[in-house]
Amino acid sequence: MPRYNVEIDGREYDILLEYRSERFFATVNGTSFEVQHQPLGESRALLFIGHESLEVDVHSATGNGERTIFMKGIELPATIEEYAVAQMRKAAGISHHHAADNVLKAPMPGLVITLRVAPGDRVAKGTPLVVIEAMKMENIIKARADGIVKSIAVKPGQSVEKSDLLLEFE
Amino acid sequence: MAAPPGLKSGYAKEMTHTIRKILIANRGEIAVRVARGCRDLGIRSVAVYSEADRIAFHVRMADDAICIGPAPSNQSYLVHDAIIQAAKISGADAIHPGYGFLSENAEFARRCQDEGLIFIGPKPETIALLGDKLAARETAVKAKLPLVQGSDTDTSDLKQAIAAARKIGFPILVKAAAGGGGKGMRVVHSEDQFEESIRSAASEAKSAFGDSRVYLEKYLARPRHVEIQILCDQHGTCLYLGERECSIQRRHQKVVEESPSPIMTPELRTRMGSAAVEIARRSGYVGAGTVEFLVDEQRDFFFLEVNTRLQVEHPVTEMVTGIDLVREQIAIAEGRKLTLRQEDIQLRGHAIECRIYAEDPDNNFMPSTGTLNAYVIPAGPGVRVDSGVVAGSEIPIYYDPMIAKLVVWGTNRAEAVTRMKRALEEYRVSGVETTIGFHRVIMDNEKFLAGELSTRFLDEEYPDNVYRRVSDVVRERAALAVAIDKYVRERKISVSPPQQATRSNWAAWHRHGNLRSFKGSR
């Protein structure tokens, strides 16, 4: 029976799924649900959780376990892994955000206006790193966590596309 | 179609000219809103578009569409010649500028006049007078409006500025004379930051407006932003259409607006409305406009500025007054007399607007670009959505990231808030980040619900800039949805369409031959 580990907002969900007679019999952290899944095309689906109807839109941007869920007018980032993989990763003491946090990518296409840091700089969470102009506004991209700048991949005046590498941390 | 010669030298009195075709010199939701207004009146509309907007929604909503240049707005939507030429080619007799872009450009308004085109807005002299914040302050003084204590002169000269600042006392606001949109504006808390702030504000003003003049204003701690909608015809009638409270702002830009203001009383409304009408008369105002005020904790109000155009948030006024402002703008531009009188203006119920931006609120409102994979707007009783996009639209990097305005009406404020929550839940957007979730959080905020607002609202209520509030139940449902999604994708299970246990009535009806008549008509 498939078993997944889902993380949302730092909370973990241990989910067991069984599929029979076109229904999912799910257990989420020990609570049971009966769910019917009706695809609505592309990434959208209508779930019937018991008698509750819920429209969801699940996007995977990167191909690995990163997901974005749109439901009830809100948007939530999530990470999903096979339960066994998550257990091994945790036993090794690795946070799955680890790899992603070592690089900073452009959150949107735009023009690099200024660099506020240099290689070797120690930065705290919230430190301004790069200023990118897009939609006629200057957007200050800040550090998501404490770290040390290893290298910078862009120069002021350079145009960047979404997800282009801006800088790397040690 | 040539305009009557009388229109060349200003608006002719007692003369009307029926507008038959309007060029809309804008893009996005406001261009769509004006195009709809034109259709409602049987007037033909012309869209202009940049190369990035070839298949944009506003292009689809107009009768004619003309490309006016490359994507950057200084090569398209801001080019006077290109727009005038498009008007000539399409045979438009009037130009509606929307908001932003050329809407408050006196030179462009004058050019329209010179070319025999009706500019749907105030006279060029009025735009020039009120667009200069120092001149507008002078006009307000003459109109005996209360003003926030300030320097009232160009304080680009540092010595003079410091003397003025000491007289006013810190904290102080440095503002650009040609300013707007928060550009060239600085809050200065003490004298040691003053010199640097004046310099940087002046340099920002120079690059944004080509005018480095700045002036000083006392910085009010927790003001409300309350503005009065005015409507003036060419024959001396000037009305006020109630107020809008627009205190919830980020980066000096409004994000939530409502009418009436939770603090308004009929007596205060009459005083503020009369003040707004007075400055409109003094400046020879014609058309729709907005007089902005700050209101302090003692409910004393102070003149801020006049916006000589249709505002983004005009729908809240339309919803509580029942007056179509674009229709009135066009009628006024045609030279017609206002048929409304001040006593006809009655506010009914409560309206709220949430601006839907393609931005990530949790990441300092960073603009988000991309393609709208899914886009379903809310509907139903008391809901109006002025949207500039449709499913499949691209959000380009070149323009303002506001994609739509969600406006609701209720018989009172509480009902409007509940309806707004319902409408926000119905909104389905994917492909870009939006402010929908942010608005859901605001609609649940206790201070907001109590009507306790100020322009510092977001800073005070959300000092960590985190606007996501998710309940445990919603989070658990989301986790379940992600797990099922993975299962369905990887195992490629196909789901048969929902089936009823019994034979459907439709099928039985079909079998009885009741559809034969339809078949024949194909």
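1. Basis. This is a predicted model: local features need pLDDT of at least 70, side-chain atom pairs count only at pLDDT 80 or more, and totals for chains, interfaces and linings use all residues. Residues are numbered from 1 along each chain as its sequence is written, chains are lettered from A and ligands numbered from 1 in the order written, and side-chain values use heavy atoms, with hydrogens and water left out.

2. Interface extent. Chain A gives 55 residues to the contact and chain B gives 56; contact means heavy atoms within 4.5 Å. The two chains bury about 5,000 Å² between them, 63% of it on carbon and sulfur atoms. Buried area is the accessible area (1.4 Å probe) lost on being put together, summed over both parts. A:Tyr19, A:Lys72 and A:Met135 supply 14% of what chain A buries against chain B, more than any other three residues.

3. Six salt bridges cross the interface (a side-chain nitrogen of Lys or Arg within 4 Å of a carboxyl oxygen of Asp or Glu). One of them joins B:Arg475 to A:Asp9, with the closest N and O atoms 3.2 Å apart. By class, the side of chain A that touches chain B has 35 nonpolar, six polar and 14 charged residues. Here Ala, Val, Leu, Ile, Met, Phe, Trp, Tyr, Cys and Pro count as nonpolar, Asp, Glu, Lys and Arg as charged, and the others, Gly among them, as polar.

4. Sheet in chain B. Five strands form an open, parallel sheet in the order E3-E2-E1-E4-E5. Strands are DSSP runs (E, at least two residues), numbered from the N terminus; two strands pair if DSSP finds at least two bridges between them. E3 (64-69) and E5 (118-119) of chain B are the edge strands, each pairing on one side only. E1 (residues 21-24) and E2 (residues 44-50) of chain B pair over four bridges. B:Ile22 has B:Ser45 in E2 as its bridge partner.
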